[in-house]
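Take a look at this model before reading on.

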Amino acid sequence: MTAPTNSVTRATGNKTGPLSGVRVIDMATVVMGPYAAQILGDLGADVIKIESPRDTVRNGTLHRTPGMTPLNLAVNRNKRSVSLDLKDDDGRARALELIGGADILITNMRIGALQRLGMDYASLAEANPRLVYAHAQGFRPDSDRAELAAYDETVQAASGLLDLAQRAGDIGTPAVLPSIFADKVAALTIVYSAMAALVHQRATGQGQLVEVPMADTLLSFNLVEHLQGQTFEPAMGPTGFPQSLMKGHRARPTKDGLAMIIPYTPQNCRDLFHAAGRPDLAEDPRVNGEFLDARGDGEAITEMIESVTPELTTAEWIEVCAKHSIPVGPVLRLDEAATDPYVREGGLLDVAEHPSEGTYRVIGVPMSFSATPASVRRHAPLPGQHTEEVLAELARRAEPDVHQEQ
């Protein structure tokens, strides 16, 4: 491990990031909602997390302190944690006070539970008409699937993603994408939707309800390229983006390992074959047309490409591909990410000191702003770490302004 460098900075008065001055209440669990709130925190918002007593993101065997799991450290930074039992009258009252002073609320609780708590949009908007209420759940609340328990795997299935995996891999039983993909795509959608509503709030003083159903979000995401022939009425062909579903859409073997070499055009293929010393393959009519026929010739072209990629090392192929503008990239193992020069030089995986957890790796902020830099200002908190601090702020706001009265 490299020598610790503290990537967590504390800006005086929290005056950093384009969302400085925005108050967000994170009343969500697991990954989707908390990840969205974390991004808003990275962008400078003051995020207060109302902790559930049993948030599964704090469950796991890997921790130094109970509840401080790797996933929790990843999605709950830049937040202040407040422990409140929403089923308790006093706890619920405090939560309502916090929401009453917020710009944005993020929750993934089911509609029925929110209504029973008096925390549905209609109830909260009456007290805080400026509130941007971002509600996310598996399926649309007005659908017959609204009450289904939705997890990343089930949403991947409902969005057609498993079908795409099956078709691309030509396998009998498709496996889910090995990433919490639906949750994270929905989280990003929550972020830009909430910020759009925030722009409206700043212009008009009005909040609004923003619904982000995971299944709808991921289905629309997948259909951008995969609707294909069914874009037209009547359909002109099947669904599925040929380049993505081509059987050879995979890493290529090189002399010393693997590289993702993806020649997208006939010229890309010809340049690749010449670089490998196979001008004969460059004369093949399948790589001399106007475009590559991924549906008809995809497998044959893949065999041609993979017959020559072992001729050069990965580094040599990267040099060749850069020269000829052929898409290429190294196959990076996650275990090696911390030592990869690109990751290290970009500060994408820095080392910091957590007050309770000690030395740990911090996932960096991937975007940059020239005037209002985003940053990691707070480590992920212990459960309820900021309860007294936040409730004290709440009490001070409730006190009458003596000077104004005079």
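This is a predicted model: local features need pLDDT of at least 70, side-chain atom pairs count only at pLDDT 80 or more; totals for chains, interfaces and linings use all residues.

Q: What is the volume of the largest pocket?
A: Rolling a probe the size of a water molecule over the atoms shows where empty space is left. For the largest pocket, the computed volume is about 1200 Å³.

Q: Which residues lie closest to the centre of the largest pocket?
A: The lining holds 41 residues. Closest to the centre are Thr29, Val30, Asn108, Met109 and Arg110.

Q: How many residues in the lining of the largest pocket are nonpolar?
A: The lining includes 8 polar and 10 charged residues. The nonpolar residues number 23.

Q: Which helices each supply at least two residues of the lining of the second largest pocket?
A: This pocket has a volume of about 560 Å³. Its lining has 21 residues, with Tyr35, Gln38, Ala74, Lys184 and Ile363 nearest the centre. By type, 15 are nonpolar, 3 polar and 3 charged. The helices are helix 1 (32–42), helix 2 (70–75) and helix 8 (181–204).

Q: At which residue does helix 13 bend?
A: Helix 13 spans residues 294–308. At its start, a side-chain oxygen of Asp293 comes within 3.3 Å of the backbone nitrogen of Arg295. The bend is about 30 degrees, at Ala300.

Q: What covers the buried residues of helix 13?
A: Buried residues of helix 13 include Ala294, Gly298, Ile301 and Val308. Their cover includes helix 10, strand 7, helix 11, helix 12 and helix 14.

Note on methods. Residues are numbered from 1 along each chain as its sequence is written. Side-chain values use heavy atoms; hydrogens and water are left out. On a 1 Å grid over the protein atoms alone, a cavity is a set of points where a 1.4 Å probe fits but cannot get out, and a pocket is an open set with protein on both sides within 12 Å along at least five of seven lines; lining residues have an atom within 4 Å of a point. Grid points are joined across faces, edges and corners, and a volume is the space filled by probe spheres set on the points. Ala, Val, Leu, Ile, Met, Phe, Trp, Tyr, Cys and Pro count as nonpolar, Asp, Glu, Lys and Arg as charged, and the others, Gly among them, as polar. Helices (H or I, at least four residues) and strands (E, at least two) are DSSP runs, numbered from the N terminus. The bend at a residue is the angle between axes fitted to the seven residues ending there and the seven starting there. Buried means under 20% relative accessible area, exposed over 50%, partly exposed in between (1.4 Å probe, protein chains only). Contact means heavy atoms within 4.5 Å. A polar contact is a pair of N or O atoms within 3.5 Å; within protein, one must be able to donate a hydrogen and the other to accept it, and residues adjacent in sequence count only if both atoms are side-chain atoms.
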